[in-house]
Amino acid sequence: MSVDSGGTAWSAGCAEQQNDCAVLQYKGGQWVRHPALPLATVAARTPRDVWAGGAGDWTDKTGLRHYDGRTWTKVEFPTQWSQWILQIVPVSAREVWVYTLPQDPLFSGPTLMRLKDGVWTEHKPPRPTVQARASIIGNGFLGRIAPDGRGGVWLQTNQTDSYQHFDGTSWTKVPRSLPFDGAPFMYGLAQVGSSRTVLGAGYGGAVPVIERFR
């Protein structure tokens with residue numbers, strides 16, 4: 001789910017038992033389906049700046065699309081392999097972050113891409129010292145990103161005892177506020193408004209958990 005600056009809600013997802021994905025827009029008191037979009041994640045900054053992406057294939061390696069308020073446009077993405085777009089974070093009309101999982105044969109792991117002024121750059125997060133547990137499932141299990149309010153981005157992977165911060169040049173680690181032994185799982189990460197405060201949300205067993213960085 002995502003809500004643009006005009007208060008319009010957007011949703012994206014796929015039917016569990018069939019290859020049927022869609023982007024939905026809440027308009028006029030009902031959900032309106034946007035046609036033929038094989039996408040599973042959506043991020044709306046304004047009504048004229050909406051991004052969506054999904055799992056790519058050999059014909060469309062990313063499925064990354066941009067909506068300008070009238071039409072959806074395919075966005076070229078510098079990749080050799082198909083990508084699974086995990087999350088999109090548009091910061092401004094000139095800048096967007098994309099957290100994605102390359103489908104390469106060596107499983108290089110998730111990576112962070114930045115599109116700024118029409119130019120893509122890759123910022124590979126440090127590889128964790130442990131592998132993701134097989135029991136970790138559900139949306140966000142490979143991590144979530146959020147802007148830091150200073151031009152950088154936060155990353156939580158559920159694989160270490162720290163959050164990772166990218167300032168635009170280098171990565172640093174900030175310890176989690178709670179002891180880490182494989183739980184709690186933090187499935188959401190969000191900047192509060194335009195501030196430097198970031199909230200992480202998840203659960204440990206049946207107990208909801210929220211962590212705050214400020």
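At 2% relative accessibility, D148 counts as buried, where buried means under 20% relative accessible area, exposed means over 50%, and partly exposed lies in between (1.4 Å probe, protein chains only). The model is predicted: local features need pLDDT of at least 70 and side-chain atom pairs count only at pLDDT 80 or more, while totals for chains, interfaces and linings use all residues. Residues are numbered from 1 along each chain as its sequence is written, and side-chain values use heavy atoms, with hydrogens and water left out.

**Overall description**

The chain has 0 helices and 19 strands; these are DSSP runs numbered from the N terminus, with helices (H or I) needing at least four residues and strands (E) at least two. Of its 214 residues, 46% count as buried. Residues 24 or more positions apart account for 36% of the chain's contacts with a separation of 6 or more, a contact being heavy atoms within 4.5 Å. The accessible surface comes to about 11,700 Å², and 54% of this belongs to carbon and sulfur atoms; the areas come from the Shrake-Rupley method with a 1.4 Å probe, and for residues only the protein chains shown count as cover.

**The surroundings of D148**

D148 takes part in two side-chain interactions described here. The side chains of H165 and D148 are joined by a polar contact of 2.6 Å. Such a contact is a pair of N or O atoms within 3.5 Å; within protein, one must be able to donate a hydrogen and the other to accept it, and residues adjacent in sequence count only if both atoms are side-chain atoms. D148 also forms a salt bridge with R150, the closest N and O atoms being 3.9 Å apart; a salt bridge requires a side-chain nitrogen of Lys or Arg within 4 Å of a carboxyl oxygen of Asp or Glu. R150 has a relative accessible area of 43% and is therefore partly exposed.

H165 is placed in strand β15 (residues 162–166) and, at 9% relative accessibility, counts as buried. Leaving aside residues up to four places away in sequence, H165 touches D148, R150, V153, W154, S170, W171 and T172.

**Other salt bridges**

The structure holds 5 salt bridges in total. One of them joins D117 to R94, with the closest N and O atoms 2.7 Å apart. D117 lies in the loop between β11 and β12 and R94 in the loop between β9 (83–92) and β10 (95–102), so this pair ties together parts that are 23 residues apart in sequence. D117 is not a glycine, yet has a positive phi of about 55°. With a relative accessible area of 46%, D117 is partly exposed.

R114 forms a salt bridge with E95, where the closest N and O atoms are 2.7 Å apart. This pair links distant parts of the chain, with R114 in strand β11 and E95 in strand β10, 19 residues apart. Both R114 and E95 are buried.

**Strand pairing and hairpins**

Two strands are taken to pair if DSSP finds at least two bridges between them.

| Strand | Partner strand | Bridges |
|---|---|---|
| β5 (residues 41–46) | β6 (residues 49–53) | 5 bridges |
| β17 (residues 185–191) | β18 (residues 198–204) | 6 bridges |
| β18 | β19 (residues 207–213) | 7 bridges |

β5 and β6 form a hairpin with 2 residues between them, and V42 has A52 in β6 as its bridge partner. Strand β5 is mostly covered, since 5 of its 6 residues are buried.

β17 and β18 form a hairpin with 6 residues between them, and G193 in the turn has a positive phi of about 60°. A second hairpin consists of β18 and β19 with 2 residues between them; here G205 in the turn has a positive phi of about 70°. G200 connects the two pairings: G200 in β18 is the bridge partner of L189, and G200 also stands opposite E211 in β19.

G188 is found in strand β17 and is partly exposed, with a relative accessible area of 25%. Not counting residues up to four places away in sequence, G188 touches R144, L199, G200 and A201. G188 and I210 are 22 residues apart in sequence, and their C-alpha atoms are 9.3 Å apart in space.

**A nonpolar surface patch**

M1, Y26 and W31 make a nonpolar surface patch of about 370 Å². Patches are made of residues with over 30% relative accessible area and no salt bridge, like charges being joined within 9 Å and nonpolar side chains (Val, Leu, Ile, Met, Phe, Trp, Tyr) within 5 Å. W31 lies in strand β4 (residues 30–34) and, at 41% relative accessibility, counts as partly exposed.
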